[in-house]
Amino acid sequence: METTTSEDLLSEIEGLKLRLSEAQEAIDAIKTGSVDAFAIRNDGKPEVFTLQSLDYAYRVLIEKFGEGALNLTRDGLIIYCNSYFSTLLGMPNEKVTGSYIFDLITDETRERFQEHFVLALQGSSKTEITLSANNKKIPVYISLTSLQPQLATVGMIVTDLSEKKHNEQRIIDYQHRLQIQNKIFNLAEEIASTGSYEWNLQTGELAYSDNLFRMLGCLPQEFVPSTEKYLTFIHPDDKEQLNKTPLQLTYRIISKNGEVKYFRTTEKEIDDPGRRMIIGTNQDVTPDIINTETLRKKNIELEHVNKSLDQFASIASHDLQEPLRKIRVFTSLLKHRFDADLSVDTRGLIDKINASSERMSLLINDVLNFSRICHAENMFMRTDLNQILDNTLTDFDLLILEKGASVRKGNLPVIEAIPLQINQLFYNLVGNALKFSKAGTAPVLTISSRMLPSEEIENASNLNGQLSYSEISFEDNGIGFEQQFSEQIFSIFERLNSQQQYSGTGIGLALCQKIAGQHQGGIRAEAQENNGSTFYVRLPLTQSADRVVN
Amino acid sequence: MKENMTIFIADDDEDDRNLFVESAKELNKDINIITASDGQEAMRILKDEHSPLPDYIFLDLRMPRINGRQCLAEIKKEERLSHIPVFIYTTSRDVNDSIDLGKRGAVHFISKPDNPTEIYYILSTVLDAKWDQS
Amino acid sequence: MENKPELERALAEKIILQLYITGMSENSIRAIQNITQLCEKYLADRFDLEIIDIYKNPSVAEEQEIVFSPSLVRQLPLPKKRFIGDLSDTKKVILGLGISFKE
């Protein structure tokens with residue numbers, strides 16, 4: 001038989017043409033880059049070959065990954081790593097490639113890595129380690145995979161945990177701070193005797209702070225908080241009050257152990273979307289209430305005591321004066337009736353008796369006045385100091401005449417004061433000026449005033465910085481005194497001269513100081529031995545707001 | 001001076017009473033003086049219709065049982081006594097007392113003098129003057 | 001062409017297609033897009049498309065000596081036909097597969 005016909009040949013040619021055209025097509029496709037790869041049968045084993053373009057795509061993927069990617073040999077040599085990884089380590093890529101992965105791991109985690117690397121040589125493994133480079137420690141999560149059979153390497157994907165770790169640390173820090181805050185809060189509640197609560201209006205949940213439980217006489221979290229339970233602590237007499245919507249309320253509770261306490265509750269509503277709550281604090285104000293009560297009672301007591309003292313002082317002084325009067329009456333009588341029979345000596349003795357009783361009388365009066373200054377009802381009113389001075393000088397009319405004294409008056413201000421007390425003040429100062437005159441010299445008394453500049457007010461420790469002051473000076477040309485005694489003389493019963501030299505009780509100047517003090521002012525003296533003295537009285541023009549002014 | 005003048009004094013202090021009586025007698029030995037040592041006794045005597053109506057009444061302020069102020073009030077209420085000039089004779093030197101008692105009807109306020117001889121002069125002035133009760 | 005009688009037959013049967021790709025390339029993506037569009041437009045439900053990743057299945061080379069990616073192979077109806085590339089030349093593909101234009 002013939003093996004090939006022309007038909008067969010034609011058919012074969014067609015077949016060849018087809019195959020040629022296909023091959024040509026393939027070559028064209030390769031040339032134009034329309035194909036990326038091909039699979040081919042090689043010695044019965046199929047293999048895939050990748051052309052340039054495709055390889056590029058993979059490279060781009062690995063490089064642009066948001067994770068680290070490495071290719072490691074079985075010995076751990078890094079034959080490839082992507083830029084993410086080298087950037088993570090802070091090292092140039094060229095340095096990383098070619099180094100051993102073990103050198104880039106911290107001592108603490110190296111052993112773990114080695115264990116997992118060994119596992120990965122057979123398959124795959126995942127673990128957490130810490131990388132170390134440039135003194136940086138980088139916590140990472142790694143995934144190791146053997147790339148067998150295609151490659152005799154291990155691929156490693158690296159996920160940076162720094163952020164995660166950082167966040168974890170932040171959470172721990174926050175938790176720690178929260179703990180501390182809670183401790184402080186609990187302590188603050190204890191110190192302030194406050195207990196607080198939170199009432200979620202949506203869920204109906206009620207929560208009490210530990211201290212609220214304690215304030216109720218219970219152990220923290222001893223019972224489940226509820227409004228009904230709270231009501232059982234309220235004092236029966238005060239239960240009504242709580243029906244009003246309390247925003248701030250004071251009422252009594254009876255604690256678990258029977259103590260009656262005063263609670264002041266303050267509440268606030270929180271109305272955020274999704275969160276409707278009432279938060280409140282209960283403050284144990286028992287000490288305050290008790291103190292206020294105690295204070296009030298003590299004040300009433302004090303008023304009573306003062307009243308009694310006042311009465312006592314009046315009566316006592318009167319009763320004390322009586323016998324003195326008798327002494328004076330009868331010594332007078334003695335002298336009068338037995339005038340002819342009395343020797344000069346006897347008369348002298350009788351005079352001494354008289355003088356003593358008179359002095360005693362004065363003393364009693366002065367002491368009475370002095371005590372009155374302390375707790376008299378202090379009605380301040382508009383007081384013309386010029387008028388007070390004139391009245392005082394009138395009182396001393398006779399003495400001024402007798403001593404041939406001259407008085408120079410300056411213009412004195414009008415101030416808010418207690419007229420009677422100012423009267424006494426002026427009386428004492430003028431009296432002293434006249435009394436302590438130099439023998440043989442006519443007393444000259446100069447009274448003037450000036451406004452105190454603010455620096456002087458500020459520098460003076462006894463003056464009220466909020467008020468304006470006038471300084472009235474009483475200057476005399478009398479016997480004066482040594483400046484070193486200038487403060488002493490204002491002490492009660494202090495005298496610089498003996499009774500024989502100059503009469504007086506020693507109370508006068510103490511009284512002056514007390515009066516000045518009553519008016520929020522002060523008094524001081526300047527003098528020289530045998531060269532006159534000046535007394536400076538500082539009085540405010542107006543009294544401070546808390547004083548009663550008529 | 002009126003003949004057979006009667007003056008009444010109420011004072012709890014014996015010495016003061018005696019000095020007063022002495023001085024009054026010195027002024028006019030025929031003066032009739034009625035004394036009482038406390039307010040209660042004073043009112044008993046004054047209200048007694050049998051005792052002579054005094055021409056002048058002197059009252060101490062501080063007396064036990066009923067004090068001078070109260071006596072003054074009672075005297076002013078008594079129709080029989082209300083026209084009699086009442087003098088307050090006291091140790092008090094309080095101006096306020098003087099004003100107050102003046103308002104209550106006392107015609108004069110006399111502070112007991114230290115010098116007993118002054119009582120004489122006071123009385124002579126007081127008893128001689130005409131006291132208008134209106 | 002000798003396709004005419006087959007064409008008639010083909011119109012009555014489903015066309016079995018295999019698209020060979022690698023998952024990672026633009027060409028492959030384009031090929032997938034193009035063939036699916038084409039099938040939806042011109043073949044409605046008269047086709048069966050299998051997409052094969054030659055990386056995952058290198059064994060496809062056993063039958064065919066060489067398999068390119070991307071490439072489209074019509075298994076049925078016979079004869080097999082092969083198109084290499086991303087199939088963006090729609091006309092060529094349609095003509096080659098023997099699908100009539102239905103505008």
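Author: Let's start with A:Val35, which counts as buried because 26 other C-beta atoms lie within 10 Å. The cut-offs: buried takes 20 or more other C-beta atoms within 10 Å of a residue's own, exposed takes 12 or fewer, partly exposed is in between, and C-beta atoms are placed from the backbone. Keep in mind that this is a predicted model, where local features need a pLDDT of at least 70, side-chain atom pairs count only at pLDDT 80 or more, and totals for chains, interfaces and linings use all residues. As for the labels, residues are numbered from 1 along each chain as its sequence is written, while chains are lettered from A and ligands numbered from 1 in the order they are written.

Where does A:Val35 sit in chain A? You'll find A:Val35 in the loop between α1 (6–32) and β1 (37–42). Those names come from DSSP runs, numbered from the N terminus: helices are H or I with at least four residues, strands are E with at least two.

Skip the neighbours within four places in sequence, and A:Val35 is in contact with A:Ala29, A:Ile30 and A:Leu51 in its own chain, plus C:Phe68, C:Ser69, C:Pro70, C:Ile84 and C:Gly85 over in chain C. In contact here means C-beta atoms, placed from the backbone, within 7 Å. Between the C-alpha atoms of A:Val35 and A:Thr50, which are 15 residues apart along the chain, the separation is 9.3 Å.

Those chain C partners bring us to the A–C contact, with 19 residues from chain A and 22 residues from chain C. The largest share, five residues, belongs to β1(A). By type, the chain A side splits into 12 nonpolar, two polar and five charged residues. For that tally, Ala, Val, Leu, Ile, Met, Phe, Trp, Tyr, Cys and Pro are nonpolar, Asp, Glu, Lys and Arg are charged, and the others, Gly among them, are polar.

β1(A) does something else with chain C: four bridges join it to strand β3 of chain C (residues 66–69), and the two run antiparallel. One spot to look for is A:Ile40, standing opposite C:Ile66. Two strands pair if DSSP finds at least two bridges between them.

Let's zoom out to the whole of chain A. It has 15 helices and 19 strands, and 21% of its 550 residues count as buried. Of its contacts with a separation of 6 or more, 54% link residues 24 or more positions apart. Five of its strands make an open, antiparallel sheet in the order β9-β8-β12-β11-β10. At the edges are β9 (206–208) and β10 (248–254), each pairing on one side only. Inside that order, β11 (residues 260–272) and β12 (residues 275–284) share 10 antiparallel bridges, and A:Asp271 faces A:Arg276 in β12(A).

What about cores? A nonpolar core is a set of buried Ala, Val, Leu, Ile, Met, Phe, Trp, Tyr and Cys residues joined through C-beta atoms within 7 Å. The largest one has 37 residues, and A:Leu425, A:Leu429 and A:Cys512 have the most contacts inside it. Elements supplying at least two residues each include α13 (419–435) and α15 (508–518) of chain A. Leaving out residues up to four places away in sequence, A:Cys512 touches A:Leu425, A:Asn428, A:Leu429 and A:Ile523. Apart from this core lies another, of 30 residues, with B:Ala10, B:Phe58, B:Leu59 and B:Phe109 among them.

That takes us to chain B, where 30% of the 134 residues count as buried. Its elements go β-α-β-α-β-α-β-α-β-α from the N terminus on. Strand β1(B) (residues 6–10) is mostly covered, with four of its five residues buried. It runs parallel to β2(B) (residues 32–36), joined by five bridges, and B:Ala10 has B:Ala36 as its bridge partner there. β1(B) also pairs in the parallel sense with β3(B) (residues 56–59) over four bridges, and there B:Ile9 stands opposite B:Phe58.

Finally, chains A and B meet through eight residues from chain A and six residues from chain B. The chain A residues there are two nonpolar, two polar and four charged.

Definitions and conventions: Contact = placed C-beta atoms within 7 Å.
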